[in-house]
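Have the viewer open as you read.

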Amino acid sequence: MTNLLPEMAEIWQETLNWQPNAQQQLQFQQLYELIVEGNRQLNLTRITEPQEFWEKHLWDSLRGIVLKQQFISFLDEGASVIDIGTGAGFPGIPVAIAAPNCQVTLLDSTRKKITFIDKILTDLALDNAKTLVGRVEEIAQQTQHRQSYDVALIRAVGSASACAEYTLPLLKRGGLAVIYRGNWTEEETAALKNAVSQLGGKVEAIAPFTTPLTQSIRHCLYLRKIVATPANFPRAVGVPTQNPLC
Ligand code: SAM
């Protein structure tokens with residue numbers, strides 16, 4: 001039998017000014033069980049203990065969409081969101097559960113992972129999320145995706161500079177990229193600013209925080225799209241990581 005996830009209602013409330021309703025709590029539990037089961041065949045995540053799963057996958061995913069003590073305002077207003085390199089569905093699936101008014105696209109280059117996520121979306125009856133298989137460098141050059149999203153989320157996919165190059169071309173003007181990081185320094189912010197401005201954006205905020213159970217240090221970087229990204233970005237597959245913008 002799979003373990004029960006902790007509810008953590010008070011911690012949700014204190015840290016994110018939000019807490020899941022009964023249906024959302026059930027969806028979190030179902031998501032957890034499906035991932036533990038899926039892990040037997042696919043190498044999805046090392047994080048399978050209930051408390052750790054709650055903190056590192058559920059809480060961390062939702063911490064990124066909180067700015068000034070509440071969910072990014074777009075999300076209540078039917079925002080289109082893309083999660084780039086979603087893997088087993090993080091941060092995109094918890095965001096789709098917590099913000100049912102937004103439309104979430106879960107993108108990954110590995111078909112096996114996306115097939116697994118399709119099953120999760122069906123089992124959780126999550127009809128505000130859909131999947132997409134491909135390399136972000138190619139997807140972001142397609143007219144149906146380029147400059148089409150209000151919010152772009154990216155966690156554990158590459159350097160901050162590569163993440164900026166993956167996210168900003170996909171955003172509408174005024175849209176927001178959220179880059180989830182561990183440690184982060186002011187020197188890194190200074191280095192990132194130049195890359196972000198070449199891509200038509202600006203660094204709007206850097207939010208440092210500690211996770212509520214293990215007090216791990218994390219950061220979220222928020223990039224605002226100001227003007228259209230030049231057509232040559234993102235560069236060809238592999239180039240943003242091999243030859244990062246600086
Ligand atoms: N975001 C998830 C998380 O934080 O748990 C998964 C992170 S996993 C370390 C990185 C994922 O990004 C993998 O599933 C990989 O297939 C995907 N990925 C890496 N480069 C990509 C690219 N260029 N385009 C699309 N997906 C990519």
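**The ligand site**

Keep in mind that this is a predicted model. Of the 15 residues around the ligand, the ones that come nearest are Gly 85, Phe 90, Asp 108, Glu 137 and Arg 155.

| Residue | Protein atom | Ligand atom | Distance |
|---|---|---|---|
| Gly 85 | backbone N or O | nitrogen | 2.8 Å |
| Asp 108 | side-chain N or O | oxygen | 2.6 Å |
| Glu 137 | side-chain N or O | nitrogen | 2.9 Å |

On its own, the ligand has 600 Å² of accessible area, and the protein covers 79% of that.

Pro 91 sits in the loop between β3 (80–84) and α4.

**Helix α5 and its surroundings**

Helix α5 runs over residues 111–123, which makes 13 residues. From first C-alpha to last, α5 reaches 19 Å, close to the 18 Å expected at 1.5 Å a residue. Its buried residues are Ile 114, Phe 116, Ile 117, Ile 120 and Leu 121. They cover an arc of only 160° around the axis, so they end up on the same side of α5. As background, an α-helix has 3.6 residues a turn, so residues three or four places apart point the same way.

The face of α5 turned away from the buried side carries Arg 111, Lys 112 and Thr 122, which are exposed.

Now follow the chain into the loop between α5 and β5, where Ala 125 is placed. Ala 125 has a positive phi of about 50° although it is not a glycine. Ala 125 counts as exposed because its relative accessibility is 60%, and the cut-off is over 50%.

Asn 128 lies in that loop between α5 and β5 too. Is Asn 128 buried or exposed? With 6% relative accessibility, Asn 128 counts as buried. A polar atom of the Asn 128 side chain lies 3.0 Å from the backbone oxygen of Ala 96. Leaving out residues up to four places away in sequence, Asn 128 touches Ala 96, Ala 99, Pro 100, Cys 102, Gln 103 and Val 104.

The N-terminal end of α2 is capped by Asn 21, with a side-chain oxygen 3.1 Å from the backbone nitrogen of Gln 23. Buried residues in α2 include Gln 24, Phe 28, Leu 31, Tyr 32, Leu 34 and Ile 35. The buried residues of α2 pack against α1, α3 (50–63), α4 and α5.

Then there's α7, at residues 160–167: eight of its eight residues are buried. Among them are Cys 163, Glu 165 and Tyr 166.

Met 8 is found in the segment before α1 (9–16). With a relative accessible area of 17%, Met 8 is buried. Met 8 is in contact with Gln 51, Trp 54 and Leu 213, leaving aside neighbours within four places in sequence. For Trp 54, the separation from Met 8 is 46 residues in sequence and 8.9 Å in space, C-alpha to C-alpha.

Gly 175 belongs to strand β7 (residues 171–181). Gly 175 counts as buried, at 2% relative accessibility. Not counting residues up to four places away in sequence, Gly 175 touches Phe 74, Asp 150, Leu 223, Arg 224 and Lys 225.

**Other backbone spots**

Most residues other than glycine have a negative phi, and most peptide bonds are trans. Gln 69 has a positive phi near 70°, and Gln 69 is in the loop between β1 (66–67) and β2 (70–71). The peptide bond from Phe 233 to Pro 234 is cis, with omega near -5°. Pro 234 lies in the loop between β9 (217–225) and α9 (239–242).

Key. Residues are numbered from 1 along each chain as its sequence is written. This is a predicted model: local features need pLDDT of at least 70, side-chain atom pairs count only at pLDDT 80 or more; totals for chains, interfaces and linings use all residues. Side-chain values use heavy atoms; hydrogens and water are left out. Helices (H or I, at least four residues) and strands (E, at least two) are DSSP runs, numbered from the N terminus. The expected span of a helix is 1.5 Å times one less than its number of residues. Buried means under 20% relative accessible area, exposed over 50%, partly exposed in between (1.4 Å probe, protein chains only). The arc is that of the directions from the helix axis to the C-beta atoms. A residue is near a molecule or strand if one of its heavy atoms lies within 4 Å of it. A polar contact is a pair of N or O atoms within 3.5 Å; within protein, one must be able to donate a hydrogen and the other to accept it, and residues adjacent in sequence count only if both atoms are side-chain atoms. Accessible areas come from the Shrake-Rupley method with a 1.4 Å probe; for residues, only the protein chains shown count as cover. Contact means heavy atoms within 4.5 Å.
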